[in-house]
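Dear colleague,

I am handing over the structure we spoke about, together with my notes on what was found in it.

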Amino acid sequence: MLFQDPDFQNLLLLHSRDRRCQKLIEELKELPEDLARLDRNIDVEKKSVELALAEWKSLESQNNTLEKEILSLNDQIAKQRNRQLEVKKNEEYQALENEIASLQQKIEERENQQIEVLLKIDGARETAEIAQGKITQRVAEMEDQRNKRASIGEERKLELEELKKEIEETRKGVDPTFLSTYDRVTKIVSRPPYMAPIADQKCSGCHLRVSNDVVSSVLVEKKITQCDQCGRIVYVER
Ligand SMILES: [Zn+2]
C-alpha cells in the first residue's frame with residue numbers, strides 16, 4: 001500500500017509540518033495588531049484615571065483660589081474699617097461704608113461659588129478614588145494579558161524557527177519524485193491541505209467525488225495521485 005510506504009509517510013510528515021508552519025506564520029501576522037490593540041485599551045483605561053484625577057485636582061485648586069480671594073477681601077474690609085475710625089467727614093465715612101458693602105457683596109458671591117465647588121469636589125473625589133482603585137486593578141490585569149500574549153508570540157517565533165529547520169531536514173528524506181509533485185501541488189492548490197485522504201470515493205480536501213481512475217491509481221497502481229477535481233494529492237488510509 002502506498003499509504004504504508006515509508007517514502008509516502010515521509011511526505012505526510014512534511015505535509016503536517018508545512019501546515020503547522022503556515023498556521024504559525026498566520027498567527028504571528030496577527031501578533032503586532034493584537035499587541036497594539038491591547039496597548040490602546042490599556043491607554044484608554046489609564047487616561048480615564050488621569051482625567052478623573054485632573055478633574056478632582058482642578059476643583060481643589062478652584063476652591064483654594066476662592067478661599068484666598070475671600071481672605072483677601074476680608075483683609076480689605078478690615079482696612080476700610082480702620083480708615084473709618086480715622087475719617088472726620090460724614091461723606092467720607094459713608095463712601096467707605098459703600099466700599100465695604102461692595103466688598104461684602106463680592107465675598108458672598110465667592111462663598112456661593114465655593115459651596116458649588118465643594119459639592120462637586122465630593123463627587124469628583126469619589127469618582128477619582130473609584131477610578132484609581134478599580135481601573136488600576138483592571139490595567140494591571142490587562143497588562144498581564146498583554147505580556148502573556150507577547151510571550152506566547154515569542155515562543156511561537158522560536159517554534160517557527162525550529163520548525164523551519166525540521167522542514168528542511170524532512171525534505172531531504174522525501175523521495176524526489178514525491179517531493180516535486182508535492183511542491184507543484186502547493187503552488188496550484190490555493191489553500192491547504194495539499195494532501196487529502198479519500199473516503200467514500202470523495203476527496204476530503206474538496207469534498208467532491210473522485211473518478212474511478214483516481215481510485216484505481218491509488219489502490220491498484222499504488223501511485224502518487226492527484227484529485228481530478230482540486231489537484232490535491234489523494235491517498236487511502238490503509
Ligand atoms: Zn479534491
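Of the contacts in the protein with a separation of 6 or more, what percentage is accounted for by residues 24 or more positions apart? The share is 73%. Please keep in mind throughout that this is a predicted model, and that every value below was computed from it.

**Overall outline**

The protein has four helices and four strands, and read along the sequence these follow the pattern α-α-α-β-β-α-β-β. Its radius of gyration is 41 Å, whereas a compact globule of 238 residues would have one near 18 Å. Taken along the principal axes, the C-alpha atoms fill a box of roughly 130 × 35 × 25 Å. Of the 238 residues, 14% count as buried.

The protein is divided into domain 1, which covers 22–173, and domain 2, which covers 175–238. The centres of domain 1 and domain 2, taken over C-alpha atoms, are separated by 64 Å.

**The strands**

Strand S1 (residues 195–199) runs parallel to strand S4 (residues 233–235), and three bridges join the two. Within this pairing, methionine 195 stands opposite isoleucine 233 of S4. S1 is also joined to strand S2 (residues 202–203), in this case by two bridges and in an antiparallel arrangement, with isoleucine 198 having cysteine 203 in S2 as its bridge partner.

The hairpin of S1 and S2 has two residues between the strands, and in that hairpin aspartate 200 takes a positive phi near 50°. Glutamine 201, which is found in the loop between S1 and S2, has a positive phi of about 60° although it is not a glycine. Is glutamine 201 buried or exposed? It counts as exposed, because there are 12 C-beta neighbours inside 10 Å and a residue with 12 or fewer is placed in that class.

**The nonpolar cores**

The largest nonpolar core has 20 residues, and those with the most contacts inside it are Tyr194, Ile198, Cys203, Cys227, Ile233, Val234 and Tyr235. The elements that give two or more residues to this core are helix H1 (6–86), helix H3 (176–188), S1 and S4. Apart from it lies another core, of seven residues, which include Ala52, Trp56, Leu59 and Leu66.

Which residues does isoleucine 198 touch, not counting residues up to four places away in sequence? They are Cys203, Val210, Val215, Val218, Val234, Tyr235 and Val236, and Cys203 among them is also the bridge partner of isoleucine 198.

**Two residues of helix H1**

Phenylalanine 8 has its place in helix H1, and it is classed as buried because 20 other C-beta atoms lie within 10 Å. If residues up to four places away in sequence are not counted, phenylalanine 8 touches Leu2, Phe3 and Phe178. Valine 210 is 202 residues from phenylalanine 8 along the chain, and the C-alpha atoms of the two are separated by 20 Å.

Alanine 36 also lies in helix H1, but this residue counts as exposed, because it has 10 C-beta neighbours inside 10 Å. Alanine 36 and arginine 146 are 110 residues apart in sequence, and in space they are 9.4 Å apart, C-alpha to C-alpha.

**Backbone details to check**

Most residues other than glycine have a negative phi, and most peptide bonds are trans. Against that background, two further places deserve a look.

The peptide bond from proline 192 to proline 193 is cis, with omega near 5°, and proline 193 is found in the loop between H3 and S1. Lysine 222, in the loop between helix H4 (212–219) and strand S3 (225–226), has a positive phi of about 55° although it is not a glycine. Why is lysine 222 classed as partly exposed? The reason is that 16 other C-beta atoms lie within 10 Å of it, a count that falls between the limit of 12 or fewer for exposed residues and that of 20 or more for buried ones.

With best regards

Methods:
Residues numbered from 1 in each chain as written. Predicted model: local features only at pLDDT ≥ 70, side-chain atom pairs only at ≥ 80, totals over all residues. Pairing = 2+ DSSP bridges. Domains from an automatic or database assignment. Core = buried A, V, L, I, M, F, W, Y, C linked by C-beta atoms within 7 Å. Contact = placed C-beta atoms within 7 Å. Rg over C-alpha atoms; globule rule 2.2 N^0.38 Å.
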